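I opened the model and kept notes as I went. Here is what I looked up.

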Amino acid sequence: MKTFKLAMLIVIAIGMTRCSSDVDNDVQQDSTITQQDISSEILSKLQSMGFDMDKTSVTSTKGGYIVDGDIFFTEETLKEDNYQKQAFFGIVNCNRAGNIRIQNALGNNAAGRGFQRGINLWNRVNNTTLRLVEVTSNPDILVRLARPGEIGGWGLGEFPTNGVEGGLIILNLNEPSIDGDPVTAREWGNILTHEIGHNIGFLHAEQGFFGTQVPGTPNNDTSSIMTSGSNPSVVFNANNVSVNDRRAVRRMYSNRSNRLCR
Ligand SMILES: [Zn+2]
């Protein structure tokens, strides 16, 4: 399945690092993929959360399931109908977020033509101090094309570290659209907005359990621009970032005292 795969793998890798200290490491050393006696309902739920079920082991345990060796989900979490929410893994310092220099190094192609839309969808959100400023040199975020074989899926965004936005976004022109046609400039713009979301801290909406939910946002936003490749039509067909994406970014980056950035 086509996914925004690498960003997702980074999320999973980080998630595993974070929680591996409090589980039995023997579980991780079992390299065979076990999904025995797990209902198809649970397996498809995990797939919708972005897990690659060809490579993900699931074992039943008291009160829930252990996924990928060391990620515990309660039965209740996996039975929720909707688990899509605005959550962040890292956050950019307030001052930096007000002037993030971003460079279009995509060249003259559909992705390059979608660049402006990609930054506009965030810049148009009102009542937030987040601002992306296009530059031609010394960027904070470089947006470039993938090298042959560098990534699968359409794109990759990098999470912030220590208050500094992720510095790289890669888009993969070789990946066809969900309808098999070449990805259009508008669709590339939406994909870029999604990737920028990672660079300013957002996790995939389905994978918010790895991070911190943005206060004031719900658990069931099925139109978030941060929806993962498990349902790529949301990103491809978006007219804008969702209402709750806007709520989230206002809460993360603003001049108000309840802002989440530092
Ligand atoms: Zn993504």
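Ground rules. I am working on a predicted model, where local features need pLDDT of at least 70, side-chain atom pairs count only at pLDDT 80 or more, and totals for chains, interfaces and linings use all residues. Residues are numbered from 1 along each chain as its sequence is written, and side-chain values use heavy atoms, with hydrogens and water left out.

Whole chain. I found nine helices and ten strands; these are DSSP runs numbered from the N terminus (helices H or I, at least four residues; strands E, at least two). Of the 262 residues, 50% count as buried, meaning under 20% relative accessible area with a 1.4 Å probe, protein chains only.

Zinc site. Which residues hold the protein donors of the zinc ion? I noted His194, His198 and His204, each through NE2, 2.0 to 2.1 Å from the zinc ion. Donors here are N, O and S atoms within 2.8 Å of the metal (3.2 Å for Na, K and Ca); water is not among the atoms, so the site may look incomplete. The spacing of the donor residues in sequence reads H-x3-H-x5-H. I then checked burial: His198 has a relative accessible area of 0%, and His204 also comes out at 0%.

Helix pair. I looked at α6 (residues 110-123) against α7 (residues 185-199): the angle is about 50 degrees, and the axes lie 6 Å apart. Axes are lines fitted to C-alpha atoms over the stretch in contact, with angles from 0 to 180 degrees between N-to-C directions. Contact means heavy atoms within 4.5 Å. Among the residues that meet are Phe115 and Trp122 in α6, and Trp188 and Ile196 in α7.
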